[in-house]
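Subject: Structure handover

Hello,

I am passing a structure on to you.

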Amino acid sequence: MNTIVRKQMSIHPDVMDMLNNQIGMEMKASAAYLAMASWCDQRELLNSKAFFYKQAEEEREHAMKIFKFVNDNGGAAISPNVTNVNNEFESLKSIYETGLEHEISVTESIFKIFKAAREKNDFITEVFMQWFVSEQSEEEDSFRSILDIFDLMEGMPLKMIDERIPTE
Amino acid sequence: MKNETANSYEIKHLTFCKYELITPNKTITLSFPQMLELRRNINELTTFASLTRIVNNENFVLLFVADKQHLIYLEIPQLLHLKEEIELFFHAPASILV
């Protein structure tokens, strides 16, 4: 890497841009989950509301983890604009389906950063991103498991389905 | 020749954490975080959508640099030239490991 820039930054500038985009994506996911939590909270879907409040916090934690990483490595972390958050949903099942789609797009974005870091020999970011790869695998799994419950309990009252949603 | 001078922007490395942006009108001293901020602003201004908006409206931009201590006026050719200069400064090819 260019010696002048390398002395100031441990990570690659192009990878830093991608990490800043990822911060925006995680914060947007956090805001989206908060909207979902509110929808569930208003309808007394207690387990779902707890699930989405927790998801919203987790996504923010992910964003903060990347934010601090960028600054700690000499880069400039950017506080993102979060706009166009959808607050209207058709059903509880559609909320979880949207959640899974969110998680998949986040995973794909993480893969792109991982690949770019590898291509540019930015091993610091590559190692840092490994945690996120494993985390995304868990996140996708939790949404898929919940969507399985919807299929298995098809036709049952919503409140009963909600009671089967894992809270841990 | 006159046009070349009007478009000329240069970035110089002075010390470990001090850089200079030489514009046709003045020389601005920048720290590394201020350089990163300038890079971000210029990258945002030179996206296709942003350039189209600038061309279709005022045809120039006013940009704060060095923590808002300086204001620079950039027309499209100058903006693109500054983008190239910043890209060159931050150009970091992957190191070859042997």
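Start in chain B, where helix 2 passes helix 4 in a left-handed crossing. Helix 2 (residues 32–45) of chain B and helix 4 (residues 76–90) of chain B pack at about 130°, and their axes lie 10 Å apart. That makes the two helices oblique to each other. Keep in mind that this is a predicted model.

Which residues meet there? Helix 2 of chain B brings B:Leu38, B:Arg39, B:Ile42 and B:Leu45. Helix 4 of chain B answers with B:Leu79, B:Leu82, B:Lys83, B:Ile86 and B:Phe90. By class, this contact between helix 2 and helix 4 of chain B has seven nonpolar residues, two charged and no polar.

Now the strands of chain B. Strand 1 and strand 2 (residues 18–22) of chain B run antiparallel and are joined by five bridges. In one of the pairings, B:Glu10 has B:Ile22 in strand 2 of chain B as its bridge partner.

Further along chain B there is a hairpin. Strand 4 and strand 5 of chain B form it, with four residues between them. B:Ala66 sits in the turn and has a positive phi of about 55°. Strand 4 (residues 60–65) and strand 5 (residues 70–75) of chain B pair in the antiparallel sense over six bridges. B:Leu63 has B:Ile72 of strand 5 as its bridge partner.

On to chain A. Residues 9–154 of chain A carry the annotation "domain: Ferritin-like diiron" in an unreviewed UniProt entry. Over that stretch, chain A is 79% helix and 0% strand. The end C-alpha atoms of the stretch are 53 Å apart.

How do helix 2 and helix 3 of chain A run relative to each other, parallel or antiparallel? The axes of helix 2 (residues 13–42) and helix 3 (residues 46–72) of chain A come within 8 Å and cross at roughly 165°. Helix 2 and helix 3 of chain A are therefore roughly antiparallel. Helix 2 of chain A passes helix 3 of chain A in a left-handed crossing. Their contact has 17 nonpolar, six polar and five charged residues.

Best wishes

Definitions and conventions:
Residues numbered from 1 in each chain as written. Chains lettered and ligands numbered in written order. Predicted model: local features only at pLDDT ≥ 70, side-chain atom pairs only at ≥ 80, totals over all residues. Axes fitted to C-alpha atoms, helices over the stretch in contact; angles between N-to-C directions. Parallel < 35°, antiparallel > 145°, perpendicular 65-115°, else oblique. Left-handed = near helix turned anticlockwise from the far one by under 90°. Nonpolar A, V, L, I, M, F, W, Y, C, P; charged D, E, K, R; others polar. UniProt positions renumbered as here; feature names shortened; annotations may be inferred. Pairing = 2+ DSSP bridges. Contact = placed C-beta atoms within 7 Å.
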